Amino acid sequence: MANLKHSIWRPFSGPVKDWPLAVCDTTTVDATSDLVPTDNVYADYVSETYNVFYNSHHSWYYCSDQANHEALIFKGFDNAQGAVSCGCFYST
């Protein structure tokens with residue numbers, strides 16, 4: 001069974017002048033050389049995510065001066081067979 005998770009991000013107060021949320025176009029990521037699986041170890045469970053190595057071919061996007069009434073919706077996770085991407089890499 002496929003799992004799909006979307007994330008919604010908006011600032012509590014805006015407009016955001018410093019440190020906006022940036023999202024990467026996953027079609028510009030080479031999964032064989034840009035990603036390394038990484039364990040997140042917590043007191044009661046372990047999960048896995050990816051760390052992304054820098055690559056000059058990545059395309060990053062952000063909302064300039066994002067206001068608190070504006071929301072950015074992006075795919076956080078998708079394990080469906082044939083999905084265009086497994087999710088969206090993001091950073092602040």
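Tutor: What follows takes the pocket, then a strand pair, then some backbone details. This is a predicted model, in which local features need pLDDT of at least 70, side-chain atom pairs count only at pLDDT 80 or more, and totals for chains, interfaces and linings use all residues. Residues are numbered from 1 along each chain as its sequence is written, and side-chain values use heavy atoms, with hydrogens and water left out.

Student: How much space lies in the largest pocket?

Tutor: About 540 Å³. A pocket here is an open set of points on a 1 Å grid over the protein atoms alone, where a 1.4 Å probe fits, with protein on both sides within 12 Å along at least five of seven lines. The volume is the space filled by probe spheres set on the points, which are joined across faces, edges and corners.

Student: Which residues lie nearest its centre?

Tutor: Glu48, Thr49, Tyr50, Gly76 and Phe89, out of 17 lining residues. A lining residue has an atom within 4 Å of a point.

Student: And which elements give two or more residues to that lining?

Tutor: Strands E1 (4-9), E4 (46-52) and E6 (72-78). E4 gives the most, with six residues. Strands are DSSP runs of E, at least two residues, numbered from the N terminus.

Student: What is the lining like by class?

Tutor: Eight residues are nonpolar, seven polar and two charged. Nonpolar covers Ala, Val, Leu, Ile, Met, Phe, Trp, Tyr, Cys and Pro; charged covers Asp, Glu, Lys and Arg; the others, Gly among them, are polar.

Student: Back to E4. In which sense does E4 pair with E3, parallel or antiparallel?

Tutor: Antiparallel, over seven bridges, with E3 spanning residues 35-41. Pairing requires at least two DSSP bridges between the strands. The two form a hairpin with four residues between them, and Val36 stands opposite Asn51 in E4.

Student: New topic. Where is the cis peptide bond?

Tutor: From Gly14 to Pro15, with omega near 5°. Pro15 is in the loop between E1 and strand E2 (22-24). Most peptide bonds are trans, and most residues other than glycine have a negative phi.

Student: What about the phi of Trp19?

Tutor: Trp19 is not a glycine, yet its phi is positive, about 55°. Trp19 also sits in the E1-E2 loop.

Student: Is Trp19 buried or exposed?

Tutor: Exposed, at 65% relative accessible area. Buried means under 20%, exposed over 50%, and partly exposed in between, with a 1.4 Å probe and protein chains only.

Student: And what is the phi of Asp65?

Tutor: Positive, about 55°. Asp65 lies in the loop between strand E5 (60-62) and E6, and is partly exposed at 37% relative accessibility.
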